[in-house]
Amino acid sequence: MALNNLWEQERSQRLQITAERRQKVNQWKQLTQQEFQMQADMLHQELSSFITSLDNNRKLQQQQFQQEIVERQLEILQIKTDVWQRQQEYRQQRAAKAQALFQNLQNFRAILHNSVWGDYSHEQAVSPTRAKEEKLVVTVPKWSIPRSAIKANGFRPSANTMTKKVPALNADADTVKSKVQQYIQQAEGATLIEIEEVIGLSRVQTIDILRSLIKQGVLEQRDRQYFIRQQAIS
């Protein structure tokens with residue numbers, strides 16, 4: 001009996017120790033699970049905060065980028081507006097210069113006509129002999145040389161069109177330019193050879209005059225022919 005009671009006591013003690021160890025293990029497991037849960041909650045919260053911050057930064061950068069695009073578009077629009085205004089101003093200046101040049105040409109033609117023929121009312125009274133004695137270059141005020149007639153006559157002006165060919169060495173530069181411009185306008189375009197033959201200039205003089213008129217915006221060159229600019233005519 002004594003051995004049996006002793007064994008029962010030892011068995012009870014072992015069971016108690018085992019129960020206590022199981023209780024400690026369960027407590028440790030609960031604490032560990034709680035700690036893991038807390039860490040998981042903190043990690044989830046930090047991850048949510050990071051995602052929210054990243055999304056806010058993305059939206060802010062997108063707004064800034066869109067604002068920069070709008071600003072660049074406004075700058076481009078302003079540049080286009082400035083360019084358009086400058087083009088308009090340049091066209092107006094060219095039109096004004098062309099109008100002034102055309103007016104000066106009209107005045108020069110009137111003065112030249114009066115100096116050669118006198119008053120319009122006495123045009124019939126002026127004799128060719130007197131004009132020849134004054135050694136003035138006499139031309140018809142308005143050219144009427146069709147291009148077909150020029151080509152048919154070998155680039156030679158007829159007697160009804162010009163009374164005398166302009167001497168290249170004695171002619172004034174502005175006068176020759178005016179004659180070249182009048183001829184091109186009446187012929188509705190002319191080549192270098194036609195102008196050289198009709199006006200009576202050398203090749204170098206003709207090229208210099210044509211270059212000068214092109215720089216002034218009076219003439220334009222297309223397919224080896226020279227024409228009066230529409231703006232200069234208007």
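Is Asp-55 buried, partly exposed or exposed, and what is the relative accessible area of Asp-55? Asp-55 is partly exposed, with a relative accessible area of 27%; buried means under 20%, exposed over 50% and partly exposed in between (1.4 Å probe, protein chains only).

The model is predicted, with local features needing pLDDT of at least 70, side-chain atom pairs counting only at pLDDT 80 or more, and totals for chains, interfaces and linings using all residues. Residues are numbered from 1 along each chain as its sequence is written, and side-chain values use heavy atoms, with hydrogens and water left out.

**View 1. Salt bridge between Asp-55 and Arg-58.** The closest N and O atoms of Asp-55 and Arg-58 are 2.9 Å apart; a salt bridge is a side-chain nitrogen of Lys or Arg within 4 Å of a carboxyl oxygen of Asp or Glu. Both residues lie in helix H1 (residues 2-117), three residues apart, about one turn of the helix. Helices (H or I, at least four residues) and strands (E, at least two) are DSSP runs, numbered from the N terminus. Arg-58 is partly exposed, at 46% relative accessible area.

**View 2. Salt bridge between Glu-196 and Arg-203.** The N to O distance between these side chains is 2.6 Å. Glu-196 counts as buried, at 16% relative accessibility, whereas Arg-203 is partly exposed, with a relative accessible area of 40%. Elsewhere, salt bridges that share partners join Asp-55, Arg-58 and Lys-59 into one network. The structure holds six salt bridges.

**View 3. Arg-222 with Glu-220 and Phe-227.** The side chains of Arg-222 and Glu-220 meet in a salt bridge, 2.4 Å from N to O. Arg-222 also lies over the face of Phe-227, at 4.3 Å from the ring centre. A charge sits over a ring if NZ of Lys or CZ of Arg is within 6 Å of the ring centre and within 35 degrees of the ring normal. At 41% relative accessibility, Arg-222 is partly exposed.

View 4. The chain averages a pLDDT (the predictor's confidence in each residue, from 0 to 100) of 77, and 74% of the residues score at least 70.
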